[in-house]
Amino acid sequence: MRLDTDPYLSRYALRVTGMSASEIRALFAVASRPEVVSFAGGMPATSAIDMEAVEAVVAGVIRDEGALALQYGGGQGRPELRELLLDVMRHEGVPAHADDLIVTVGGQQALELVAKCFLDDGDIVLAEGPTYVGGIGAMSSHRAEVRHVPMDDDGMSIDLLEEALAQLAAEGRRAKYVYTIPNHQNPAGVSLSVPRRERLAELAVEHDLLVVEDNPYGLLDFGGRCLPSLRSMIPDRVVYIGTMSKTFAPGVRTGWIAAPGPIRDKLVLLREAADLCPSNLTQMIVERWLATQPWRDQIKRFTELYREKADVMLASLEQEMPPGVSWTVPAGAFYIWLTVPAGIDTSDLLAKAVGRRVAYVPGRGFYADGSGGEQMRLCFSYPELSRIPEGVSRLGELLHDELELVQALFGDDAPSPDRRLSGPTSGVGG
Ligand code: PMP
């Protein structure tokens with residue numbers, strides 16, 4: 001038995017007491033060993049960035065504006081950067097004005113500030129099931145209750161969202177906001193269809209909902225398509241979050257929020273309390289990147305690479321997975337969501353997988369309610385293309401062996417712990 005020996009236990013705030021390191025965090029250490037093919041971390045292929053161009057950008061900022069770059073800045077972020085971020089949003093058809101924007105330390109700080117702005121103890125947020133682990137972390141750290149709305153290939157089920165809203169009304173409660181990742185969702189790899197976006201917009205008006213639209217992946221569509229943003233449909237009801245992490249580099253830690261004026265003002269105050277201002281240095285690097293470099297070409301290069309990697313992973317899954325395993329087919333970005341047959345628990349399996357030199361993220365990390373035990377997230381963006389088949393083959397062998405074991409132990413009556421909120425199941429293969 002492990003005794004908790006933390007001598008500071010009685011001093012922590014309530015929000016900290018229940019916190020523990022996520023499965024992703026524990027994984028990073030192991031999965032970074034070179035012999036492991038890691039499908040775990042949701043990381044962009046930064047080696048595909050034009051490093052000479054970045055070197056010139058960084059050196060130019062210091063050479064031309066060093067004193068300013070090393071100084072404090074304003075809490076809302078530099079107006080010059082906010083203007084340029086409008087170009088990134090426009091490239092995807094998302095309308096905004098520079099005044100609406102707050103520059104943040106990545107999308108993650110945006111999620112944290114929005115949670116801090118709206119959530120008190122026990123407040124309810126409706127979110128896709130599964131959803132981004134860092135989104136759950138931000139909301140849970142403010143002691144909110146995250147209720148999941150199941151998804152399928154077309155994203156969040158709006159029928160089930162409507163049911164969840166009716167259930168809340170029956171309880172005499174309301175959701176503080178709906179958190180959605182409409183494009184190439186993390187971890188499910190699917191997008192919210194256009195008719196569902198339209199229905200969500202209608203529901204938001206009907207039920208007086210606020211929607212947090214988290215959009216790191218919209219520009220990474222394999223076919224160059226962009227679906228209409230919720231912000232473009234119901235701007236007064238949407239807090240939109242963008243980031244440069246997936247279209248440029250997470251190392252610059254530059255994201256942003258576009259919010260209606262009164263919300264923006266509160267968020268600026270919260271951000272000043274948290275860290276005063278975003279880094280002038282990284283803001284100016286991003287400005288110069290956007291103003292002087294062919295950043296749209298870089299996005300194209302990323303997208304082509306990820307499409308190639310996705311194709312290789314999907315072909316390998318077809319070849320290597322035992323019957324009964326299913327997975328989603330992404331049309332962009334980083335992720336495939338895989339469902340294993342009943343009787344296999346992906347959290348329990350992880351240690352064996354790492355022993356066989358392949359890593360993934362167990363599905364439970366993407367649910368606030370403990371479901372997801374039969375799912376895993378596979379990220380194909382980061383591993384070398386040539387190593388993807390090898391990694392999938394190791395995972396396939398492991399699942400074959402596990403299935404044999406389950407069959408030997410339970411026959412056809414394998415226990416099924418949490419089918420009720422299983423993720424998208426189409427794209428069935430193998
Ligand atoms: N939202 C989603 C859905 C994400 O997948 C991520 C990163 N994996 C983030 C927000 C945060 O990204 P960052 O802080 O690097 O911008």
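This is a predicted model: local features need pLDDT of at least 70, side-chain atom pairs count only at pLDDT 80 or more; totals for chains, interfaces and linings use all residues.

1. Strand β11 (residues 335-339) and strand β14 (residues 375-379) are paired in the antiparallel sense, over five bridges. Within this pairing, Thr-339 is placed opposite Gln-375 of β14.

2. The two strands belong to an open sheet of four strands, ordered β10-β11-β14-β13, in which the pairing is antiparallel. At its edges are β10 (326-327) and β13 (361-362), each of which pairs on one side only.

3. Another open sheet has eight strands in the order β2-β9-β8-β7-β6-β3-β4-β5, and its pairing is mixed. β2 (101-104) and β5 (155-156) are the edge strands; each has a single partner strand, so one side of each lacks a neighbour in the sheet.

4. Inside the eight-stranded sheet, strand β3 (residues 124-129) pairs with strand β6 (residues 175-180) in the parallel sense over four bridges. Ala-127 has Tyr-179 of β6 as its bridge partner. Helix α5 packs on this sheet, where it touches β2, β6, β7 (211-214), β8 (238-243) and β9 (255-258). The direction of α5 makes about 155° with that of β8.

5. Helix α7 (residues 158-170) lies across β3, β4 (145-152), β5 and β6. Relative to β4, helix α7 runs at about 155°.

6. Helix α5 also meets a helix, α6 (residues 133-140): the two axes come within 8 Å and cross at roughly 30°. Because angles under 35 degrees count as roughly parallel, α5 is described as roughly parallel to α6. The crossing in which α5 passes α6 is right-handed. On the α5 side, the contact is made by Gln-108, Leu-111, Glu-112 and Ala-115, and on the α6 side by Gly-134, Gly-135, Ala-138 and Met-139. By class, the contact residues comprise four nonpolar, three polar and one charged.

7. Which helix gives the most to the shell around the ligand? Helix α5 (residues 106-118) does, with three residues. There are 14 residues around the ligand, and those that come nearest are Gly-106, Gly-107, Gln-108, Thr-243 and Ser-245. The shell has four nonpolar, nine polar and one charged residues.

Conventions. Residues are numbered from 1 along each chain as its sequence is written. A residue is near a molecule or strand if its C-beta atom, placed from the backbone, lies within 6 Å of it. Ala, Val, Leu, Ile, Met, Phe, Trp, Tyr, Cys and Pro count as nonpolar, Asp, Glu, Lys and Arg as charged, and the others, Gly among them, as polar. Axes are lines fitted to C-alpha atoms, for helices over the stretch in contact, and angles run from 0 to 180 degrees between N-to-C directions. Angles under 35 degrees count as roughly parallel, over 145 as roughly antiparallel, 65 to 115 as roughly perpendicular and the rest as oblique. A crossing is left-handed if the near helix is turned anticlockwise from the far one by less than a right angle, and right-handed if clockwise. Two residues are in contact if their C-beta atoms, placed from the backbone, lie within 7 Å. Two strands pair if DSSP finds at least two bridges between them.
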